[in-house]
Structure formats: structure tokens, C-alpha cells
Amino acid sequence: MSLRKRIEKSERLAQFMAALAGRYLSFCNRRIAWDVTGLDDLKAALADGPVLLTMWHSRSVMGALHWPVADAPLSSLYASSPVGRVSGALQRRVGLQPMEMSRKRSNRAASRTVLKRVKDGVSIGMTGDGPLGPARQVKDAPLDWARATGVPVFCYAFSVSNGRRLKSWDHMLVPYPFGQGAYVFRRFDHDIPRKMTPETLEHLREQMRAFMDATTAEADQMVGVPNGP
């Protein structure tokens, strides 16, 4: 049986893989010299209530470690794929409250849970391009949930001078220990109305895509590496 199938069938194996990944990423996080911007703005917003945090899938691997968990809870989303299950287990290890997104059923139940958690003061974290892509194309969910909840939207990105791109659909960036790093939180200051025409939705989708790309480019510029996915 392949490792993929074994992770799909075994929560214990997913937990074990998450422990390995968590120790490695935590070691990287401690050994990288991070330059941080926008964290104070995020904390100021969190003092008033929850937010919606979006990021590109390719820049998501350090997000759980960079969220200020001591300041506010975060409920993040993960896919039911093997990689997603490991991600969910890793998020639990660092104190987040992940929710699994079903590949077979409607995610209305998850949407109801999102709304309830926001009402309870819990922020929501998600990838803008979802678990399967296409890469760097904003899905409906970030805009739908921003519209439904009315909470501020923040974008996150990280970059490192020393890392590796995986051969995945999104070319995920995984850091190596040591070297320079940067992570950025930026508020998406665009009005997201409760009711939107299809034209308004597409306009906001393009605005969010451009803003997330700009946030990612800012992180890359802070460590002096070429901007990439």
C-alpha cells in the first residue's frame, strides 16, 4: 500500500507525519532570521474581533507558525487529501482549530461552522486558491465568507532566502534552516458588499488576486529573492 493510501486510512500515521513536519518547520522558524511587517496591524484588528486570513497555497506552509495564537484563536481549513490531513494535524499541534473540507459532499456544513466560529470570536484562515488550484486564482470561498461574515480580510505571505520549491501544482515553497526570512500581513481594504452582481464579484476577485500577489512580492523583496508563485 502506498504512503498516500496509508495516510488516507490512518489518523495515527497522519499525526506521526505531522509531528515530523512540525518539528522540522519549528526548527526552521527558530533558526531563520525573520523580518516581519504588518503584524501589529493584524493584532490591532484582532483586538476588535476576528478576521479572515487568506494566503496562496504555495506560501502557506509557515502560516500556522506565524499566526499570533497567543493573541487570538484561528480556525483554519484543510483538504481531506493525505497532504491536507497532515496539514490539519500540524495545525492542531500549534494550537489552531482546523476544519476538514470534504471532497465528496457539499461544504455547507463547514460554511455553517465557519459562521458559528466567527460569531464566537474565532478568526478563519484559508488559502485563496484552495487545496487544488489553479495556482494563484482566487476561489469563491474567500469572497463568499468575507461577504457573509463582514470581518476584516488580511493577506499573509512568507519568503526565505534559502528554500526549495516542491514539484506540486502550486510549486510550494518549503524553507531550509538558517538564512533570511520575511513574513507579511496586509489588510485588504476593499469594501465587500453583502449582495454582489456577477460583475462586482469578478472585479473583487481580480482585486484580491492582485493584492495577494503584491503581498507575496513584498515578502520576496524583503529577502531579496525574485518574485515567484
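Contact means that heavy atoms lie within 4.5 Å of each other. The model shown is predicted: local features need pLDDT of at least 70, side-chain atom pairs count only at pLDDT 80 or more, and totals for chains, interfaces and linings use all residues. Residues are numbered from 1 along each chain as its sequence is written, and side-chain values use heavy atoms, with hydrogens and water left out.

View 1. Arginine 59 lies in the loop between strand S2 (52-55) and helix H4 (63-66); helices (H or I, at least four residues) and strands (E, at least two) are DSSP runs, numbered from the N terminus. Its relative accessible area is 1%, so arginine 59 is buried (buried means under 20% relative accessible area, exposed over 50%, partly exposed in between, with a 1.4 Å probe and protein chains only). Not counting residues up to four places away in sequence, arginine 59 touches Tyr156, Ala157, Phe158, Ser159, Arg165, Leu173, Thr216, Asp220, Gly228 and Pro229.

**View 2. The buried side of helix H3.** Leu39, Leu42, Ala45 and Leu46 are buried in helix H3 (residues 39-46). They cover an arc of only 125° around the axis and therefore lie on the same side of H3; the arc is that of the directions from the helix axis to the C-beta atoms. The cover over the buried residues of H3 includes strand S1 (33-37), strand S5 (123-127), strand S6 (153-160) and strand S9 (180-187).

**View 3. The crossing of helices H7 and H8.** The axes of helix H7 (residues 140-149) and helix H8 (residues 198-223) come within 10 Å and cross at roughly 110°. Axes are lines fitted to C-alpha atoms, for helices over the stretch in contact, and angles run from 0 to 180 degrees between N-to-C directions. H7 is therefore roughly perpendicular to H8 (65 to 115 degrees). Asp140, Pro142 and Leu143 of H7 meet Leu201, Leu204, Arg205 and Met208 of H8 in this contact.

**View 4. Backbone features in two loops.** Most residues other than glycine have a negative phi, and most peptide bonds are trans. A cis peptide bond, with omega about 5°, joins glycine 133 and proline 134, and proline 134 is in the loop between S5 and H7. Arginine 136 is in the loop between S5 and H7 and has a positive phi near 60°. Histidine 171, in the loop between strand S7 (163-165) and strand S8 (173-175), has a positive phi of about 55°. Arginine 136 is buried, with a relative accessible area of 16%, whereas histidine 171 is partly exposed at 42%.

Key: Parallel < 35°, antiparallel > 145°, perpendicular 65-115°, else oblique.
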